[in-house]
Amino acid sequence: MFDGLLINFALLIASMCVVSLTYNRVEDIESPSLRVWRWYLCVGTSLLLGHTVPIGHGVLFDFRAVPIALISRRGGTFWGLLAAACVIAYRLYLGGEGVLVAVLNVLLCCWWLWWPA
């Protein structure tokens with residue numbers, strides 16, 4: 001159980017380091033082409049985090065919502081919802097008893113980050 005969690009966390013950190021390499025200059029933050037590449041990297045990271053820790057039948061623990069939260073925080077609501085839709089579709093494909101909780105987790109994570117400070 002601990003091994004899956006550690007592998008999942010290591011993949012998350014490594015892939016977020018790769019995403020951070022796309023922020024070279026201040027002008028790069030608003031670049032449309034780099035936004036698309038960051039979106040691809042974050043969604044790919046969320047789908048790559050397949051080393052889940054099964055808690056129960058169909059209930060999985062992983063860090064798939066973290067890249068979605070980061071892309072929605074940096075990219076805005078459009079990119080966050082687009083990325084969340086992809087991850088939600090994949091989680092619905094996986095199925096299990098924890099599908100509703102996983103979908104709510106991704107949506108709540110994105111909604112909380114959009115909330116004004």
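Arginine 91 counts as buried in this predicted model, at 8% relative accessibility, where buried denotes under 20% relative accessible area, exposed over 50% and partly exposed the range in between (1.4 Å probe, protein chains only). The residue is found in helix H4, helices being DSSP runs of H or I with at least four residues and strands runs of E with at least two, numbered from the N terminus. Beyond residues up to four places away in sequence, arginine 91 touches Gly58, Leu60, Gly98, Val99 and Ala102, a contact being heavy atoms within 4.5 Å. The model is predicted, so that local features need pLDDT of at least 70 and side-chain atom pairs count only at pLDDT 80 or more, whereas totals for chains, interfaces and linings use all residues. Residues are numbered from 1 along each chain as its sequence is written, and side-chain values use heavy atoms, with hydrogens and water left out.

Arg91 also lies among the residues nearest the centre of the largest pocket, together with Leu60, Asp62, Ala102 and Asn105, in a lining of 16 residues. On a 1 Å grid over the protein atoms alone, a pocket is an open set of points with protein on both sides within 12 Å along at least five of seven lines, and lining residues have an atom within 4 Å of a point. The pocket holds about 290 Å³ of space, the volume being that filled by probe spheres set on grid points joined across faces, edges and corners. Strand E2 (59-61), H4 and H5 each supply at least two lining residues, and the largest share, five residues, comes from H5. By class, the lining comprises eleven nonpolar, two polar and three charged residues; Ala, Val, Leu, Ile, Met, Phe, Trp, Tyr, Cys and Pro count as nonpolar, Asp, Glu, Lys and Arg as charged, and the others, Gly among them, as polar.

The protein chain contains five helices and two strands, arranged from the N terminus as α-α-β-β-α-α-α. Of its 117 residues, 38% count as buried. Among contacts with a separation of 6 or more, 58% join residues 24 or more positions apart.

The largest nonpolar core has 22 residues, and those with the most contacts inside it are Trp39, Ile68, Ile71, Ala83 and Val106. Such a core is a set of buried Ala, Val, Leu, Ile, Met, Phe, Trp, Tyr and Cys residues joined through side-chain atoms within 4.5 Å. At least two of its residues come from each of H1 (2-20), H2 (32-48), H3 (65-75), H4 (77-94) and H5 (99-114). Ile71 is one of the buried residues of H3, as are Ile68 and Ser72. Apart from residues up to four places away in sequence, Ile71 touches Arg38, Trp39, Cys42, Gly76, Trp79, Gly80 and Ala83.

Cysteine 110, in helix H5, is buried at 1% relative accessible area. The C-alpha atoms of Cys110 and Gly80 are separated by 6.6 Å, although the two residues are 30 apart along the chain.

Seven aromatic pairs are present. Trp39 and Tyr40 form an edge-to-face pair, at 5.3 Å centre to centre and 65° between the planes. Rings of Phe, Tyr and Trp (its six-membered ring) pair if their centres lie within 6.5 Å, with planes under 30 degrees apart counted as stacked, over 60 as edge-to-face and the rest as tilted. Trp39 is buried, with a relative accessible area of 11%, and ring pairs link Trp37, Trp39, Tyr40, Phe78 and Trp79 into a cluster.

Note on methods:
On a 1 Å grid over the protein atoms alone, a cavity is a set of points where a 1.4 Å probe fits but cannot get out, and a pocket is an open set with protein on both sides within 12 Å along at least five of seven lines; lining residues have an atom within 4 Å of a point.
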